[in-house]
Amino acid sequence: MAETSKKQLRPIDDPFVALGPSGVAIRDRLKGLTAQDDTVLRLIGEHLGRLASQDLKARCRDGLEHNNDTWAARKQALTARSSSRWAGSITKATHDQWALSRRCQAVHIHNLEANVRTLMHRLSQPIGEKGTKRAPGGYRSKGEWFHKSRRLATLEHRLKVARAEREDGVVHVVRGGRKLLNNRHNLPAAQLTEQQWRDRWEAERWFLAADGESGKRLGNETIRVTSDGEVSIKLPAPLAHLANSKHGRYALASTVAFRHRGAEWRDRIEANRAVAYRMHLDVARGRWYLTASWSRPVVKTVPLEAARARGMVGVDTNADHFAAYRLDACGNPVGEPKRFFYDLSGTADHRDAQVRHAITGLVHWAKRVGVAAIGIENLDFAQDKTREKHGRRKRFRQLISGMPTGKLRARLVSMAAEHGLAIVAVDPAYTSMWGDEHWRKPLTSKIRTMTRHDAASIAIGRRALGHPIRRRTAPPHDDQSDRRGHRTVQAGPGARGREGTRPPVTERAHDARGRTGTQRTRGTSAPKTVRDARSSGTWVQSSLLDTV
């Protein structure tokens with residue numbers, strides 16, 4: 001019989017410490033606004049939003065031919081209709097939006113290429129051909145083969161168009177959001193009336209954001225917030241007649257008090273360091289909000305060895321909960337498994353709150369047990385959401401599409417950094433399978449129920465600590481000795497401890513000669529477990545039973 005080849009495993013990337021947050025954002029509600037304040041804010045947002053739409057259109061028209069001269073020309077045209085600082089904020093936002101659309105376009109082309117390759121492979125297989133774990137097989141019937149051939153032609157056309165647009169520098173951007181735009185075509189499903197949709201659409205297209213300026217008064221000359229919470233706005237040139245303060249500014253009747261990070265924000269504005277502000281209207285609640293944000297210097301992450309010094313909390317991310325387990329520095333599970341549940345159904349705000357609540361519980365528990373880092377999988381489901389890869393497994397595709405891996409990773413890093421915890425990202429390859437194989441059964445007892453997810457969290461934690469996932473390699477198949485060399489996870493000959501060699505004993509308790517005061521007959525240099533060892537004594541057979 002031919003020898004079967006072993007399964008080829010993909011290379012596993014080394015764990016690394018994730019970078020900390022690079023920015024901070026805080027928000028507060030503008031309470032006590034008068035009717036005049038609301039009217040002025042709406043006029044400013046509508047006017048600047050119209051200018052932002054025109055500038056974005058001009059930037060998309062320039063495409064790849066954009067340069068510093070065209071940028072300066074656009075900014076000069078906007079300055080005459082607003083101000084130099086408003087023009088700078090608008091053009092910067094336009095460039096960021098164009099660059100984001102460009103990156104999304106590259107991801108879209110990559111996904112189309114992956115789908116086309118999958119379809120071409122499956123169409124080339126015989127009908128009914130079974131697939132393997134590495135490659136899918138053929139389609140089940142001639143009808144399915146025909147429909148997939150038509151879909152292949154459609155995707156190839158889309159790919160051709162997308163490549164041509166990328167070469168020409170063409171991007172598609174919707175100010176206000178494509179999701180809200182599509183809701184206009186089906187208002188009953190969105191539970192909106194036409195007027196409600198119109199109000200939201202106009203509010204999303206307004207522009208009320210100003211970049212910070214270091215060295216300027218209070219860190220921002222366009223939207224200025226004093227340490228007492230007074231808010232004033234530099235009016236655009238066409239709306240200068242609405243000013244109620246000096247130098248063409250409008251001061252709001254409302255004041256803000258940032259309770260979260262308020263001291264940090266106050267230190268920045270008193271030192272005239274840059275702080276960016278953004279105002280937006282929540283149409284559903286009829287409330288105005290002010291968001292302050294600033295960037296942080298890049299902080300050097302802690303070394304990986306320092307993060308591993310006090311053990312690790314391994315976390316397995318699932319569709320409805322975090323499975324966590326504490327491990328000591330040697331990779332041994334300590335205590336009981338922990339689970340932090342969340343619900344990803346409902347609105348985006350509800351999902352976001354659920355994720356924040358689960359991460360908060362996880363971080364607080366990690367601080368209580370005394371670890372310095374959290375190990376988590378470096379998840380990215382961008383390549384696993386397509387229906388061409390998973391075929392009829394619609395519920396599985398919906399499951400992985402519903403997991404907000406990007407937001408979850410960003411929130412975990414930022415929230416852990418505030419509590420002095422490092423995040424160690426590991427390769428997710430085989431963690432669930434190997435954890436279930438090596439850790440689920442040994443840790444299951446009458447009072448402890450281990451799940452596959454709990455075992456996976458141990459595997460993730462051990463990989464983050466730099467240990468192999470398996471508990472211990474099996475001994476040689478012929479006997480229990482180390483004739484074939486030390487086992488891969490066994491301690492070396494020079495290591496002392498539980499796995500080290502034991503020191504020789506000086507006396508056997510069951511030897512009756514020890515109680516008579518006689519000396520040992522076997523040399524102390526020879527271990528007792530070795531047969532035919534040399535001895536200076538002689539062996540004498542006694543005919544009577546020694547009962548002394």
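At what angle do helix H2 and helix H3 pack, and how far apart are their axes? The views below start there. This is a predicted model, with pLDDT of at least 70 needed for local features and 80 or more for side-chain atom pairs, while totals for chains, interfaces and linings use all residues. Residues are numbered from 1 along each chain as its sequence is written, and side-chain values use heavy atoms, leaving out hydrogens and water.

**View 1. Helix H2 packs against helix H3.** H2 (residues 68–81) and H3 (residues 84–124) meet at about 135 degrees, their axes 8 Å apart. Helices here are DSSP runs of H or I, at least four residues, and strands are runs of E, at least two, numbered from the N terminus. Axes are lines fitted to C-alpha atoms, for helices over the stretch in contact, with angles from 0 to 180 degrees between N-to-C directions.

**View 2. A look at the H2 and H3 contact residues.** On the H2 side you'll find Trp71, Arg74, Lys75, Leu78 and Thr79, and they meet H3 residues including Ser84, Ile90 and His95. Contact means heavy atoms within 4.5 Å.

**View 3. Three strands make an open sheet.** The order is S4-S5-S6, and the pairing is antiparallel. Strands S4 (223–225) and S6 (249–255) sit at the edges with a single partner strand each, so one side of each has no neighbour in the sheet. S5 (residues 230–234) pairs with S6 over four bridges; a pair needs at least two DSSP bridges. Ile233 stands opposite Tyr250 in S6.

**View 4. Helix H1 lies across S5 and S6.** H1 (residues 35–62) runs at about 130 degrees to S6.
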